[in-house]
Amino acid sequence: MVNALLEELSWRGLVYQQTDEAGIEELLNKEEVKIYCGADPTADSLHIGHLLPYLTLRRFQEAGHRPIVLVGGGTGMIGDPSGKSEERVLQTEAQIDKNVRGIQKQMEQLFDFNVENGPILVNNYDWLSQISLIEFLRDYGKHVGVNYMLGKDSIQTRLETGISYTEFTYTILQAIDFGHLNRVHDCKIQIGGSDQWGNITSGIELMRRMYGVTDAYGFTIPLVTKADGKKFGKSESGTVWLDAEKTSPYEFYQFWINTSDDDVIKFLKYFTFLSKADIEALETSVKEEPHLRKAQTTLAEHVTRFIHGEDALAEAQRISQALFKGDLKSLSADEIKAGFKDVPQVTLSKETTNLVEALVETKISSSKRQAREDVTNGAIYINGERQQDLDYTLSNEDRYDDTFTIIRRGKKKYFMVNYK
């Protein structure tokens, strides 16, 4: 019998590899299955590059299965060589503990904990820290061949540049995780990005050798790519984090709303829980009325609401509308800072009050002559309002929080003027 969940995951493009397609389908059809996905605490927040495996795990929860969410407080001390061209810098235990707490808190945004099949939240430090060196070598290392390890892509790609024994053993540690969760929580499936295939299959092989387990499975999801070949998850200001302190809801919203027509339908399938009918209707809109950008707006609304909530979405939309209309006076200083985080920053002496002189000092205009032309031609806006008076004097009223002014030259060239 075709499993409805697997059919939907396939339509959404979320199935990359399965260790046993028929076995997974049979398992999902006959019982509630415990499925785990993990992340190492390399920072105190997840970023959007982490989202897809966890959203996929949430789809399993929505279908009646139970997620096990692992934060790698133990493996995070070692470092996963997968996808890395060089050795990771080891973090302190204090930093890892801080990161673990931050990520565990974010899991409350991604999963519904208030249901019968709410997630089981675990930290692999709890069991990996209890294994002595002798136990590791005798009880686990004896079951893992060096040739088998060398065959893993994550190891092979590092042989030329070099890999320490520490990172070489990472795959074994993650294999121990799967075995532990299988024995303690009856976990049957591990999911992850396609770069985790080697780690996942190592866990299955170790369970088979050590415990005779034959009904454990692996499932991987494609790594997210963009049509233009650029790396997914980066904005002009850098990584797009789930933590609102690192990436404001406005910046988060803007990242999604700026998705290209070539990517937006794929991202709606990946990152939202919209129905097939709704997504297909938006696909038609992209083809027939792309200028309306309905698909991008829907994507930004749904993902921002899911991660940051209704109030943060409303604020992001309000800032976006105000900036689009040039209505800066309706925004607070903090909202303007969020909206103009990536514009050029220039510095102006508080003693310089004449507008023309200010434009020259900040190099917004290249010369006094150019500055006068810019002002008289109506190309200069102070905090969203056009200013054509050559004798205009900048005052305290033009400063937000007495610290900055937004000057626009032409249609789109914004500058944040900071005072010294």
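Because the model is predicted, local features need pLDDT of at least 70 and side-chain atom pairs count only at pLDDT 80 or more, while totals for chains, interfaces and linings use all residues. Residues are numbered from 1 along each chain as its sequence is written, and side-chain values use heavy atoms, with hydrogens and water left out.

Helices (H or I, at least four residues) and strands (E, at least two) are DSSP runs, numbered from the N terminus, and two strands pair if DSSP finds at least two bridges between them. An open sheet is built from 5 strands in the order E9-E13-E12-E10-E11, with mixed pairing. Strand E9 (345-348) and strand E11 (385-386) stand at the edges with a single partner strand each, so one side of each has no neighbour in the sheet. E9 runs parallel to E13, joined by 4 bridges, and Thr-347 has Asn-418 in E13 as its bridge partner.

Strand E12 (residues 404-409) pairs with E13 in the antiparallel sense over 6 bridges, with Arg-408 opposite Tyr-414 in E13. These two strands form a hairpin with 3 residues between them, and Gly-410 in the turn has a positive phi of about 80 degrees. Burial is judged by relative accessible area: buried means under 20%, exposed over 50%, and partly exposed in between (1.4 Å probe, protein chains only). In strand E13 (residues 413-419), 5 of the 7 residues are buried, so this strand is largely enclosed by the rest of the structure.

Attention now turns to helices. In helix H12 (residues 249-257), 9 of the 9 residues are buried, so the helix is largely enclosed by the rest of the structure; among them are Tyr-250, Phe-252 and Trp-256. The axes of helix H14 (residues 276-288) and helix H15 (residues 294-308) come within 8 Å and cross at roughly 140 degrees. Axes here are lines fitted to C-alpha atoms, for helices over the stretch in contact, and angles run from 0 to 180 degrees between N-to-C directions. H14 and H15 are therefore oblique to each other (angles under 35 degrees count as roughly parallel, over 145 as roughly antiparallel, 65 to 115 as roughly perpendicular and the rest as oblique). Leu-282, Ser-285 and Val-286 of H14 meet Lys-294, Ala-295 and Thr-298 of H15, where contact means heavy atoms within 4.5 Å.

Finally, two loop residues deserve a look. Pro-81 lies in the loop between strand E3 (66-71) and helix H4 (93-110) and is buried, with a relative accessible area of 0%. Leaving aside neighbours within four places in sequence, Pro-81 is in contact with Ser-154, Arg-158, Ile-163, Glu-167 and Tyr-170. Gln-196 sits in the loop between strand E5 (187-193) and helix H11 (197-211) and counts as buried at 15% relative accessibility. Not counting residues up to four places away in sequence, Gln-196 touches Asp-80, Ser-82 and Gln-174.
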